Amino acid sequence: MATTISFFLALFLSVLGLTRSDPTAAAAVPDGCSGRRIHVRRLPPRFNLDLLATCADYPLLEDLCPYLANHGLGRPTHNRSRSWFRTDPLMLELVFHRRVLELPCLTPDPDLADAVFLPYYAGLDALHYLYGRDVNSSADHGLDLYRFLRANDPGIWERRSGHDHFLVMARPAWDFSQPLSNDPPIWGTSFLELPEFYNVTALTLEARAWPWQEQAIPYPTSFHPPDSPLLESWMARVRRSRRTALMLFAGGGGISAAPNIRRSIRLECENGTEAPPSGSGYYAKTCDFVDCSNGICEHNPIKYMRPMLKAAFCLQPPGDTPTRRSTFDSLLAGCIPVFFEDQSARSQYQWHMPEEEFDEFSVTIPKEEVVYKGLKIVDVLMGIPIERVKRMREKVVEMIPRIIYRKHGGSPGFRSTIDAFDVAVEGTLKRIKARLEEVSV
């Protein structure tokens with residue numbers, strides 16, 4: 001195992017062209033970068049690369065080491081795959097770091113930068129507070145980073161009091177939001193509760209409703225094409241796929257006796273019969289169910305992608321938190337997502353799913369109507385005219401490029417295709433600019 005970890009670390013360093021003393025070497029900033037210059041902050045390896053060596057240190061978690069491969073994309077799903085990987089969402093920090101270093105508007109001079117990226121692997125560093133030796137010291141998460149930022153080249157932070165800094169945190173914001181007053185700690189770290197970081201923009205997999213500095217960005221799927229032909233080939237397959245199931249639920253839960261939306265979905269799926277012709281077309285069956293209990297689907301996209309390609313609608317009920325990676329898997333499969341509360345997507349991913357377009361590619365059914373008033377999901381979906389379903393599916397397919405993270409080092413022409421990373425960077429630059437204008441008034 002130690003040899004494997006060392007190999008991944010060496011590969012990560014060599015391909016990025018990094019050294020432990022100088023991770024931000026950059027060429028001259030090209031023209032056309034006005035308002036887009038980003039400085040990558042130099043951090044000691046204890047804040048990023050050293051954390052990769054602890055990937056097998058948490059007995060309560062699956063061994064994370066295999067998912068370090070390909071700069072966080074994980075291992076290919078099969079030997080000949082160029083686009084499909086066994087990606088773990090926690091590795092988005094590595095994926096994002098790798099892609100940042102390909103941006104054309106990097107500057108080695110922080111005084112010229114419009115934004116400062118912190119290549120801190122916050123989710124990985126949180127593991128020893130959530131599952132390891134420091135579970136009772138979770139309020140300390142982030143303090144070491146803050147002390148470094150204030151002590152090492154402090155002018156970079158002080159120039160704008162951290163307002164121009166941003167980082168990626170590859171977990172829901174709730175995992176970093178434990179109140180500092182909790183004694184003893186319950187769950188999570190207190191990184192986002194530290195006043196020291198109130199000015200920093202945090203890109204998370206799920207944001208809370210109120211903090212301005214938090215912004216949700218898409219969960220990584222397992223699809224990371226390196227070039228346009230592979231992306232276009234997949235989108236063509238999605239368009240021609242025959243939808244034989246009206247709706248699909250891929251997930252777990254719903255087995256308790258207490259009323260909840262997952263229980264209602266499972267009961268409706270289990271009691272479903274052959275679907276009759278309707279305004280939405282003819283389907284061989286009402287509901288397909290893919291049991292993903294105990295994480296069995298997490299790194300096996302074949303298990304859920306094939307059924308999603310055959311379903312017209314994919315149900316996205318909240319679980320432990322409102323959002324789900326499955327939302328982005330379903331969009332990737334051309335399966336129209338069905339939400340049961342706004343916090344699952346509408347109020348989360350406005351950069352990638354503009355709110356004014358939300359009803360063009362999704363369906364929203366209030367969970368209270370289903371759980372407590374007996375509304376049948378199948379009745380709602382079968383009542384949607386088939387022409388509208390076709391328009392919604394085409395909208396979903398058109399969205400695919402901007403909700404996936406393309407593979408690093410892709411073909412030069414493909415880099416002009418806007419993906420989830422590009423949308424996140426653009427949104428961050430606009431937010432930082434607006435915030436700086438606001439605080440300067």
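Asparagine 48 touches Leu43, Pro119 and Tyr121, with residues up to four places away in sequence not counted; contact means heavy atoms within 4.5 Å. The residue sits in the loop between strand E1 (38-40) and helix H2 (92-100). Helices (H or I, at least four residues) and strands (E, at least two) are DSSP runs, numbered from the N terminus. Asparagine 48 has a relative accessible area of 6% and is therefore buried. Buried means under 20% relative accessible area, exposed over 50%, and partly exposed in between (1.4 Å probe, protein chains only).

This is a predicted model, in which local features need pLDDT of at least 70 and side-chain atom pairs count only at pLDDT 80 or more, while totals for chains, interfaces and linings use all residues. Residues are numbered from 1 along each chain as its sequence is written, and side-chain values use heavy atoms, with hydrogens and water left out.

Valine 116 belongs to strand E2 (residues 115-117). Its relative accessibility is 0%, so valine 116 counts as buried. Apart from neighbours within four places in sequence, valine 116 is in contact with His39, Arg41, Ile156, Asp164, His165 and Phe166. Between valine 116 and leucine 106, 10 residues apart in sequence, the C-alpha to C-alpha distance is 9.7 Å.

Helix H3 (residues 122-130) is mostly covered, with nine of its nine residues buried. Among them are Leu124, Asp125, His128 and Tyr129. The buried residues of H3 pack against H2 and E3.

An open sheet is formed by five strands in the order E7-E6-E8-E9-E10, with parallel pairing. Two strands pair if DSSP finds at least two bridges between them. Strand E7 (285-291) and strand E10 (363-364) are the edge strands, each pairing on one side only. Strand E9 (residues 336-339) pairs with E10 in the parallel sense over two bridges. Valine 338 has valine 363 in E10 as its bridge partner. Helix H7 (residues 261-270) packs on the sheet and touches E6, E7 and strand E8 (311-316); the direction of H7 makes about 135° with that of E6. For such angles, axes are lines fitted to C-alpha atoms, for helices over the stretch in contact, and values run from 0 to 180 degrees between N-to-C directions.

The pockets come from a 1 Å grid over the protein atoms alone: a pocket is an open set of points where a 1.4 Å probe fits, with protein on both sides within 12 Å along at least five of seven lines, and lining residues have an atom within 4 Å of a point. Grid points are joined across faces, edges and corners, and a volume is the space filled by probe spheres set on the points.

| Pocket | Volume |
|---|---|
| Largest pocket | about 1,400 Å³ |
| Second largest pocket | about 450 Å³ |

Of the 37 residues lining the largest pocket, Tyr219, Gly295, Glu298, Asp320 and Arg325 are the closest to its centre. Strand E3 (165-172), strand E6 (245-251), helix H8 (301-309) and helix H9 (326-332) each give two or more residues to this lining. The largest share, three residues, comes from E3. By class, the lining of the largest pocket has 16 nonpolar, 11 polar and 10 charged residues. Here Ala, Val, Leu, Ile, Met, Phe, Trp, Tyr, Cys and Pro count as nonpolar, Asp, Glu, Lys and Arg as charged, and the others, Gly among them, as polar.

The second largest pocket is lined by 18 residues, of which His78, Ser81, Trp84, Trp234 and Arg237 are the closest to its centre. Helix H6 (228-240) and H8 give two or more residues to that lining.
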